[in-house]
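Welcome, and please open your viewer. We will take this step by step, selecting a few places and looking at what is there.

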Amino acid sequence: MLTTDKRQRIRLAMAGLAALLMVCCLLVMNAVAAAGLANAAHVRVWTVCSVIGLIVVYAAIRSGWSRRFKDPSLTLAQILYSIACCAVAFVIAGPARGVTLPILAIILMFGIFGLTTRQMLGILLYGLVVFGVASGVVALRDEPGYPPVVAGAYVGMVVVVLLSSTFLTTRVQSTREHLRRQKSELARALEQIRELATHDDLTGLLNRRAMFERMQLEQRRSLRTGYPLLVAQLDIDHFKVVNDTHGHGKGDLVLRAFADTVRHSVRDTDVLARWGGEEFVLMLCDTPAEEALALLERVRLAVQAMRVPLPQGGDPIAITVSIGLARHPPADTLAHTLERADQALYAAKAQGRNRVVLEPGLA
């Protein structure tokens with residue numbers, strides 16, 4: 001009846017609520033007819049037409065046919081049809097036609113669900129026209145006990161119901177839209193906060209804390225699967241000379257260029273982070289030592305080929321990088337693995353820099 005599709009279930013539930021309210025209206029109108037206040041034949045025809053409308057709406061939504069429209073719930077179509085039914089009920093209800101006014105207000109309240117302000121204003125004009133025609137028909141029938149003063153009062157109440165219901169509905173829509181915008185802005189703000197908390201604002205890479213958390217996750221996965229986990233420490237050679245010669249602003253340009261170069265030289269599965277200053281950490285998952293060595297050599301050559309242009313002109317800045325690589329044994333701690341990668345890095349610097357050094361026993 002309601003399918004397993006969550007969105008379809010919501011649409012059918014709303015259509016079911018509208019149908020339940022319509023059934024209540026049908027019972028009221030039939031009670032009016034049973035009391036002799038309205039023509040029973042007219043009420044029966046009206047009831048059949050109303051029920052057919054409910055069935056058509058359910059079938060259109062349940063079959064998925066309504067999905068071709070911008071509003072798969074057919075909210076606007078249901079409201080327009082219901083207003084037309086309500087106007088007919090106003091004509092045939094006789095002395096009891098006052099019961100149609102609260103029904104009209106309830107119908108308009110459904111505009112809260114998914115209609116725009118422009119659509120609600122269109123419904124307002126449509127309702128005024130339809131009930132204007134209905135009032136004219138009632139006036140032409142010249143019913144006994146229905147003086148012009150009463151007719152005018154009904155017309156005035158219809159206008160009041162239409163205007164007030166439309167106003168309240170549009171106000172609710174405006175509030176919902178405001179809350180939706182606030183929710184969207186809050187989500188963006190939270191995402192920015194998360195980004196600031198986990199990323200280095202200069203290079204856009206993961207920061208030290210976020211990288212360590214990622215390494216802990218990979219450590220648990222490596223322990224479970226037995227796949228190798230390698231950690232490399234990268235340090236820009238003689239970076240202090242760059243800062244002292246060109247200034248810290250140019251040093252920042254070098255750091256950003258270095259981060260971009262390394263990021264484009266490694267695989268999508270490799271994780272790069274700024275560890276501090278000119279030092280970076282690269283985590284290589286599911287990678288044998290031979291492949292890791294070839295990858296890091298590619299990184300070293302890419303950095304060596306880098307040329308960072310200066311905004312004011314002059315010779316671009318050239319840099320090199322020293323890299324130390326260590327394997328993370330499943331039973332070891334991350335701190336110890338990072339320490340061994342750092343020792344390999346110092347060995348690379350001691351051997352003349354601009355090289356990749358593996359910890360002893362890794363090759």
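Of the 363 residues in the protein, 44% are buried. Keep in mind as you look around that this is a predicted model.

**Start with the whole chain**

Show the protein as a cartoon and you can follow eleven helices and five strands. Now turn the view along the principal axes: the C-alpha trace spans about 110 × 50 × 30 Å. The radius of gyration is 37 Å, whereas a compact globule of 363 residues would have one near 21 Å. Contacts tell another part of the story: among those with a separation of 6 or more, 71% join residues 24 or more positions apart.

**Next, select the largest cavity**

How many cavities of 30 Å³ or more does the structure hold? There are two, and the largest has a volume of about 50 Å³. To find it, select Met22, Cys25, Met29, Trp46, Ser82, Cys85, Cys86, Ala89, Thr100, Ile103 and Ile107, which line this cavity. Colour the helices α1 (6-34), α3 (75-92) and α4 (100-109), and you will see that each supplies at least two residues of the lining. Which helix gives the largest share? That is α3, with four residues. By class, the lining of the largest cavity has nine nonpolar and two polar residues, and no charged ones.

**Move on to the second largest cavity**

Select Glu218, Arg221, Ser222, Thr225, Tyr227, Pro228, Leu229, Cys285 and Asp286 to bring up the lining of the second largest cavity. About 40 Å³ of space lies inside. Helix α7 (residues 208-225) gives the most to this lining, with four residues.

**Now a pocket**

For the second largest pocket, select Gly204, Leu205, Arg214, Arg263, Val266, Arg267, Asp268, Asp270, Val271 and Leu272. This pocket holds about 180 Å³ of space. Its lining consists of four nonpolar, one polar and five charged residues.

**Zoom in on threonine 203**

Threonine 203 sits in the loop between α6 (148-198) and α7. Is threonine 203 buried or exposed? Threonine 203 counts as buried because its relative accessibility is 8%, under the 20% cut-off. Show its side chain and look for a polar contact of 2.7 Å with the side chain of aspartate 200. A polar atom of the threonine 203 side chain also lies 3.3 Å from the backbone nitrogen of leucine 205, and Leu205 is one of the residues lining the second largest pocket. Leaving aside neighbours within four places in sequence, threonine 203 is in contact with Leu255, Arg256, Ala259, Arg263 and Arg274.

**Finish at arginine 355**

Select arginine 355, in the loop between α11 (334-350) and β5 (356-358). Arginine 355 counts as partly exposed because its relative accessibility is 31%. A polar atom of its side chain lies 3.1 Å from the backbone oxygen of glutamine 351. Not counting residues up to four places away in sequence, arginine 355 touches Arg300, Val321, Ser322, Ile323 and Ala348.

Conventions: Residues are numbered from 1 along each chain as its sequence is written. This is a predicted model: local features need pLDDT of at least 70, side-chain atom pairs count only at pLDDT 80 or more; totals for chains, interfaces and linings use all residues. Side-chain values use heavy atoms; hydrogens and water are left out. Buried means under 20% relative accessible area, exposed over 50%, partly exposed in between (1.4 Å probe, protein chains only). Contact means heavy atoms within 4.5 Å. A polar contact is a pair of N or O atoms within 3.5 Å; within protein, one must be able to donate a hydrogen and the other to accept it, and residues adjacent in sequence count only if both atoms are side-chain atoms. On a 1 Å grid over the protein atoms alone, a cavity is a set of points where a 1.4 Å probe fits but cannot get out, and a pocket is an open set with protein on both sides within 12 Å along at least five of seven lines; lining residues have an atom within 4 Å of a point. Grid points are joined across faces, edges and corners, and a volume is the space filled by probe spheres set on the points. Ala, Val, Leu, Ile, Met, Phe, Trp, Tyr, Cys and Pro count as nonpolar, Asp, Glu, Lys and Arg as charged, and the others, Gly among them, as polar. The radius of gyration is taken over C-alpha atoms; the globule rule is 2.2 Å times the number of residues to the power 0.38.
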